[in-house]
Amino acid sequence: MEFLKKLGMLFGRKRFGSELDEEMSFHREQAEKDLIANGMSPQEARFAASREFGNATRLKEQSHEVVGFGFETVLQDLKFALRQLRKNPGFTATAVLILALGMGASVAIFAFVDAALIKPLPYAAPDRLMDVAENSSAHPRSDLSRADYEDWTRLNHSFSSLAAYAGTGYLLRTPSGIVPVPAARVSDGFFRTLGVKPMLGRDFLPGEDRPGGQKILIMNYGTWLTRYGGRQDIVGQVVRLNDESYTIVGVLPREFSFAPRGLAEFWVPLLDKIGGCEDRRSCHNFYAVGRLRDGVSPQAALEEMKAIAAQLEVQYPGSNKGQGASVQPFSELVVGQMRPILLTLLGGAGLLLLIACVNVASLSLVRSEARRREIAVRGALGATPVRLVRQFLIEGLLLAVVGCLGGVLVAGWLMVLMKGLIPNAIANGVPFLALVGLDAHTSMFAGGIALLAGLLMATTPILRLSFQDIRSGLGDGGRTAGGRLWRRMGANLVVVELAVAVVLLAGAGLLGQSFYRLLHVENGFDTTHLATIQVATPNAAYAKPEQKVALFREITRRLSSIPGVQSVGITSDLPVQCNCDTDWIRIEGKPFHGEHNEVDQRDVTPGYLPTLKAKLMRGRLFTEDDDASQSLKIVINEALAQKYFPGEDPIGQKVGNGGLEPKSMREIIGVIGNVREGGLDDEVWPSEYQAMYQSPDSFISIAVRTAQDEKAVLPELVKALHEVDPNLGAFGEITMTDQIGSTQSALLHRFATYLVGGFAAMALVLGVVGLYGVIAYSVSQRTREIGVRMALGAQKSSVYKLVLGEASKLIGIGVMVGLAGAVGAGMLMRSILFGVQAWDAGTLIAVAVALGGSAMLASYFPARRAASVNPTEALRAE
Amino acid sequence: MAKKPDLLPGTLDMLILKTLARAPLHGYGIALSIKRLSDDVLTVEEGSLYPALQRLLLAGWVKAEWKMTETNRRARFYTLTAAGRKQLGVELTQFDQMITAIGRVLRDAQEA
């Protein structure tokens, strides 16, 4: 009812106003008339009538408020706020820019955090999915053997289904030739365990993964689209993989992704046990993913799997000694490694946002100082304190909203930039990247921080206002008191800014050092001028070992003849990859109790170790003669020598498998300096190098040492390999330096270093500018005082001392607080630091000097202005 | 100038309604009437009548129309509506109850 009346009034607003005016002036005229009739002079009567009537403007406003809607006055305030901001383009542009940068960084980082850590994985009830693996003293999470997987599946009661998967690769015959494609072998229940249904065709049926089963496959959506043109009749077609026919039974939905095998294009049932290895219980090449039964906790599942593993240990001591079980949430496997980095970045972005807000808050504070007269006038004219506070609130929120809109633009740009930092090969292993973007979550986050920032920026001037009597603003007397008050508050804010800048700078310094040390760890070989490429050999043409050896010799010969190539080596795995492809060794003549002496095992051609420029410490390297006609020989690294032959000469000693079977026995012929086989932040493991010509692989990596630019030779490598045999799958050509730079640990560190470094640079600028503002304002307020001092004989130097003293006090406090915070922050992110401690003195000192120096420089300019004050002018200016 | 007692909060609406219960009046007339009937004890800041009148209009307790005064000037006259009369009854009862209660408390306090 009232609402409708108000709505009606909305259109008669003008009339309402004029009628009210008429009514009120009638009232005053009548009063005036009556007073004159009582014998008052006309002038006195007019004043008296006005006094009796009260503040007409305010009363009119109150009347309007009765019939108006609550938001109308808000609109008025908003209009006024907009006008204020337009009138001060300098302030507005600065504030919006600062806020946009701060908010943009936060929103962009949050988008990553949201996609990785908050959004669920694209599976049914993803929190019930567990990563299931074996575990040993050397590996907290190690692959399952096929036999163990089968026993675990049979014996466990914790999982409603347990599915195994292993990476593999095939040579795909396409119209344009042979292409190597990554793929995965999975147990029949794999997709059912994840809760994923094919978009076309069908899932694997129970039993379809048994040895001797039909060769069938399910393909990815992307593969279907790019390789098969998205044909609807694809199901039932035949694909040639490794020269064998596989029937397509299904196509996965578009949103499907499986991070542990992110690159896989084809999904094939396990089928036959491969290469004699999968027959053995000690051959570990699978991982499993399990779905917990209702009511079973991850902890309970882990306990049960441990018990089963212990039972198998008793049953099969030869293969299973020391093999436990590992069960962790599947999401932990996918994003666990990212979490500390992402949280660090979010923290950094949050600090930057804090600095940005504080900076804008102190800008508003300066401006509120200039607006004291305006506020006082509005108060005198009857604006209630609530209304005045609301004005500031609205102005703060308005700035925050505009800043936030700018921030969203910045965020969009930053996200593209950040995604660009991640190479494709890695991006496929982090499927959540596809989910990074501006969506409901990020928008809510952006809105939330805009609100907080707005409140912060509004509160500062409001706090400042309520400390003093509004009326004193009308006179000029309040100035010095207010100035001092502002100085105190502005000073506190600037200490916060400087402290936060120190934290960010120190964080960036620590991350930068970690990154540098990571890239400069001792690798044990010359990483420069080294080109690498992977080769998959087709099974059919190179089934026999001697065929492979002939191929390797031919590849070596052909690649060596490329101009600029100095030497060529072939290996089963390139260095700086992982401590994987391991072997359990037993040393002849040493006590042995079935323990797993795990070492990295690599097959190499005679040219490989010299091509790496690995250092020979003792004995000799392989020669062309070390082939199948000879007894088995190995070269070991120093780590192996030190661990298993302390104080002995390992040359001539013999190593075999756990049972010391004669055909496994091999003789140590040489010791080389440690070549880093594992990742940059992994420790160096004992390694053994076997002669490739004695046990040739079908999947090889080639290292090529060049005289000049190794990049230039990469396309030549592919061409030369296809000249040797067009059916060879040649792929993944990359220089060693690039490969090291794109390993996951290097990448994560680079990502963190660049971003936090960027944040820190912005924080430094904002902090120093903030300090400059405070000192400059303080000097402008004290011009008169300084003039008096100088008139009384103060020297320029003492004025410098006065101003710089104030500045250095602020800087000192800011730096001290910041350093304490920096050590705290360093402790929090110690899990991503490499080779450097949170309290690294060099970093902290450098940061303190850099920030202190630039801050002192920033205060020097106002100090110089203060020292050049002309006393007479300063005094006259008042 | 000696300060006159402030109006009890919330009573202004009631006073206006009561005044209008006798006869339709314009704003100035209402102010005069209140002042006169209370022997100059109750004075409102005269202008504050107007926001209050807008409130009463909006609630539908009074209605307004422009008429000519005896001196032939245009003025807005307010008339009590039926709803306004009912509201006045409610407010008077509440006010009486409150005054009685306050009186009782004060009397008891004196006797104690």
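In the predicted model, helix α27 (residues 841-867) of chain A supplies the largest share of a nonpolar patch, namely 3 residues. The patch lies on the surface and is formed by A:Y772, A:L857, A:Y860 and A:F861. Together these residues present about 380 Å² of accessible area. One of them, A:Y860, is placed in helix α27 of chain A. The relative accessibility of A:Y860 is 33%, so the residue counts as partly exposed; patch membership requires over 30%.

The overall form of the chain was examined next. Chain A contains 28 helices and 22 strands. The C-alpha trace of chain A spans about 135 × 75 × 55 Å along its principal axes. The radius of gyration of chain A is 38 Å, whereas a compact globule of 878 residues would have a value near 29 Å. Of the 878 residues in chain A, 51% count as buried.

Salt bridges were then searched for in the whole structure, and 40 were found over all chains. One of these joins the side chains of A:D148 and A:R281, with an N to O distance of 2.6 Å. A:D148 is part of helix α7 (residues 146-155) of chain A, and A:R281 sits in the loop between β9 (266-269) and β10 (284-292) of chain A, so the contact ties together parts of the chain that are 133 residues apart in sequence. A:D148 has a relative accessible area of 0% and is buried. A:R281 is also buried, with a relative accessible area of 13%. Both values fall in the buried class because that class is defined as under 20% relative accessible area.

A:R281 also forms a salt bridge with A:D151, in which the closest N and O atoms are 2.6 Å apart. This pair again links distant parts of the chain, with A:R281 in the loop between β9 and β10 of chain A and A:D151 in helix α7 of chain A, 130 residues apart. Both partners, A:R281 and A:D151, are buried.

Another salt bridge connects the side chains of A:D526 and A:R705, at 3.4 Å from N to O. A:D526 is located in the loop between α18 (479-519) and β12 (530-536) of chain A, and A:R705 in strand β21 (residues 699-706) of chain A, so parts that are 179 residues apart in sequence are tied together by the pair. A:D526 is partly exposed, with a relative accessible area of 24%, whereas A:R705 counts as buried at 3% relative accessibility. Elsewhere, A:R146, A:E150, A:R185 and A:E278 are joined into one network by salt bridges that share partners.

The loop between α18 and β12 of chain A also holds A:H529. The phi angle of A:H529 is near 50 degrees, a positive value in a residue other than glycine. A:H529 has a relative accessible area of 32% and is partly exposed. A positive phi value also occurs at A:K613, near 65 degrees and likewise in a residue other than glycine. A:K613 is placed in the loop between α20 (608-612) and β16 (616-619) of chain A. The relative accessible area of A:K613 is 47%, and the residue is therefore partly exposed.

A further pairing concerns A:E710 and A:T528, which are 182 residues apart in sequence but have C-alpha atoms 8.1 Å apart in space. A:E710 is found in the loop between β21 and α22 (714-724) of chain A. With a relative accessible area of 12%, A:E710 is buried.

Methods. Residues are numbered from 1 along each chain as its sequence is written. Chains are lettered from A and ligands numbered from 1 in the order in which they are written. This is a predicted model: local features need pLDDT of at least 70, side-chain atom pairs count only at pLDDT 80 or more; totals for chains, interfaces and linings use all residues. Side-chain values use heavy atoms; hydrogens and water are left out. Patches are made of residues with over 30% relative accessible area and no salt bridge: like charges are joined within 9 Å, nonpolar side chains (Val, Leu, Ile, Met, Phe, Trp, Tyr) within 5 Å. Accessible areas come from the Shrake-Rupley method with a 1.4 Å probe; for residues, only the protein chains shown count as cover. A salt bridge is a side-chain nitrogen of Lys or Arg within 4 Å of a carboxyl oxygen of Asp or Glu. Helices (H or I, at least four residues) and strands (E, at least two) are DSSP runs, numbered from the N terminus. Buried means under 20% relative accessible area, exposed over 50%, partly exposed in between (1.4 Å probe, protein chains only). The radius of gyration is taken over C-alpha atoms; the globule rule is 2.2 Å times the number of residues to the power 0.38.
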